[in-house]
Amino acid sequence: MARKLLTLLMALVLAVLVAATAILRPDRAAHIVAAVVAHNVCVKTFVSGFSPEVAFAEITDQSAFLLWRPVMQYQLEQAPNSVAVSMFGRIFGRAVLHQGFGCVMTNETQPYQIPRSDLRTLIAAEMPPLLPEIAGETVVNPEQPALKAALDHVFEEPATAPKRRTKAVVVVHNGRVIAERYATDVGIDTQLLGFSMTKSVMTALIGIMTRQGRLSPSIAAPIPEWHSSTDPRHEIKIEHLLRMTTGLALDETWLGFDQSSQMYLHNDMASFAASAPLIATPGSRWHYSSGTTQLLARIIRDNLGGPEQALAFAWRELFNPLGMRHVTMEFDGAGTFQGASNMLASARDWARFGLLYLNNGKIGGEQILPDDWVDFSARPTLNTNYGAGFWTNRGNRIDASRREPGAMPRDAFFATGWLDQSIAIIPSRNLVVVRLGDSPGEVGRLISEILAAI
């Protein structure tokens, strides 16, 4: 009898393991890990100009990849310029460079297309920037000892892990850079990954299109897959996408098994996100989700007429007016901005973007964003610290994003990305602080020390 029970128990355990494997698909998690690593090594090597060995070492030193690191290898391929990441002797992820457009995560079964616009023409603005120049051609060293000490702290490496790996810090006060510092392999013009800070850029593009009457947060999201009146998803509005309150099954857990993460395995990322079913009434529930922002990116592309038109719009209406000259917008395999992540820009250019929001959407006397767009973006969503494309201190939660007791102003809000990429926007102090790096970097402490110094 005992043997039969043991046999039944073992059969049950085996059945559960088989079912879990079928549902969770650990092979997909491995593909996601490999694709992310391949993309990071590709873009940091071919766009940022870092050593591929350093790029691989830094990305795989993160907690999400440590378990995979012993079985991972990368290889640079020259025809075309690409990076392949293999595990157990098999390629699990590949990213291909497309000159001027960063790297595309792909594999042999996924075709890709990239806009064919002449990037030089797009960058060559017909009019000078509306934003006055924020600094000269050389690095601005801090004058105040306390400000220098703040930068010393965020760049110094502790004796034990975790490492900070800060790449760049730029402090803009009253419209001018008053302090900046860069790692040894980074310069004023080096383009650095913003990861999810890209979401804030998508919010800005939606804002510009709203001011022009092309879109509105209050309208139903123009997603063809949801068009039918019998589809409950047709109640999802653009604002729900901006605030991540769609109710779609796109919750992001950063474990590789969730739908938002698995989106990156697909040639058409937004199409995959659009297939997610509804699990809650739109507007009733918040959960962080890259998939919702990728849907916004496709809305931008489709409304403007295609990938090239979307790219031209971004340069004409946003980057050129701000004087952002060192920017790379990446695309997925279907020609849609990778709006959920992966835009690159120099640290000063990220600061220029922050100044647009610090100045309430107005630059050089011209209103770029709608009058109320900054408040709309920084207003908390439900009972969270998230606004519309930005994290915010303006809510009532005691754990408001980046808030340091007694030091961080309540009007502050942030564009943030993985590994503590951050643009802190603090209107009451007329301050923008940018921190970029490859490991969590104590951004709260940095900003607190900068606030005390100025």
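User: In which helix is the place of Arg 243?

Analyst: Arg 243 belongs to helix H7, residues 238-243. Note that this is a predicted model.

User: What makes Arg 243 buried or exposed?

Analyst: Its relative accessible area is 5%. Buried means under 20%, so Arg 243 is buried. Not counting residues up to four places away in sequence, Arg 243 touches Trp 286, Phe 376, Arg 379, Pro 380, Thr 381, Tyr 386, Gly 387 and Ala 388.

User: Where is Glu 235, and why is Glu 235 called partly exposed?

Analyst: Glu 235 sits in the loop between H6 and H7. The relative accessible area of Glu 235 is 43%. The class runs between the 20% limit for buried and the 50% limit for exposed, so Glu 235 is partly exposed. Leaving aside neighbours within four places in sequence, the contacts of Glu 235 are His 240 and Pro 282. From Ala 79, which is 156 residues apart from Glu 235 along the chain, the C-alpha separation is 47 Å.

User: Which class does Phe 195 fall in, and how do you know?

Analyst: Phe 195 has a relative accessible area of 6%. With the cut-off for buried at under 20%, Phe 195 therefore counts as buried. Phe 195 is placed in the loop between strand S7 (192-193) and helix H6 (197-211).

User: Which residues are in contact with Phe 195?

Analyst: Setting aside neighbours within four places in sequence, they are Asn 40, Ala 340, Ser 341, Asn 342, Met 343, Gly 417, Trp 418 and Gln 421. For one of these, Ser 341, the C-alpha atom is 4.4 Å from that of Phe 195, although the two residues are 146 apart along the chain.

User: Why is Glu 317 called buried?

Analyst: The relative accessibility of Glu 317 is 17%. The limit is under 20%, so Glu 317 counts as buried. Glu 317 lies in helix H11, residues 307-322. Outside the four-place neighbourhood in sequence, Glu 317 is in contact with Ile 208, Arg 211, Gln 212 and Ile 368. Val 171 is 146 residues apart from Glu 317 along the chain, and their C-alpha atoms are separated by 25 Å.

User: How do you know that the span of H12 agrees with its number of residues?

Analyst: Helix H12 covers residues 347-358, which is twelve residues.

User: What makes H12 mostly covered?

Analyst: Twelve of its twelve residues are buried. Among them are Arg 348, Asp 349, Trp 350, Arg 352 and Tyr 357. Just after H12, Asn 360 takes a positive phi of about 60°.

User: Which radius of gyration would a compact globule with 454 residues have, and what does the protein chain have?

Analyst: A compact globule with 454 residues would come near 22 Å. The protein chain has 22 Å, so the value agrees with that of a compact globule. Along its principal axes, the C-alpha trace spans about 80 × 60 × 50 Å. Buried residues make up 57% of the 454.

User: How many helices and strands are there, and how many charged side chains?

Analyst: The protein chain has 14 helices and 15 strands. There are 40 positive and 42 negative side chains, and the centres of the two sets lie 4 Å apart.

Conventions: Residues are numbered from 1 along each chain as its sequence is written. This is a predicted model: local features need pLDDT of at least 70, side-chain atom pairs count only at pLDDT 80 or more; totals for chains, interfaces and linings use all residues. Side-chain values use heavy atoms; hydrogens and water are left out. Helices (H or I, at least four residues) and strands (E, at least two) are DSSP runs, numbered from the N terminus. The radius of gyration is taken over C-alpha atoms; the globule rule is 2.2 Å times the number of residues to the power 0.38. Buried means under 20% relative accessible area, exposed over 50%, partly exposed in between (1.4 Å probe, protein chains only). Lys and Arg count as positive and Asp and Glu as negative; His and the chain ends are not counted. The place of a charge is taken as NZ of Lys, CZ of Arg, CG of Asp or CD of Glu. The expected span of a helix is 1.5 Å times one less than its number of residues. Contact means heavy atoms within 4.5 Å.
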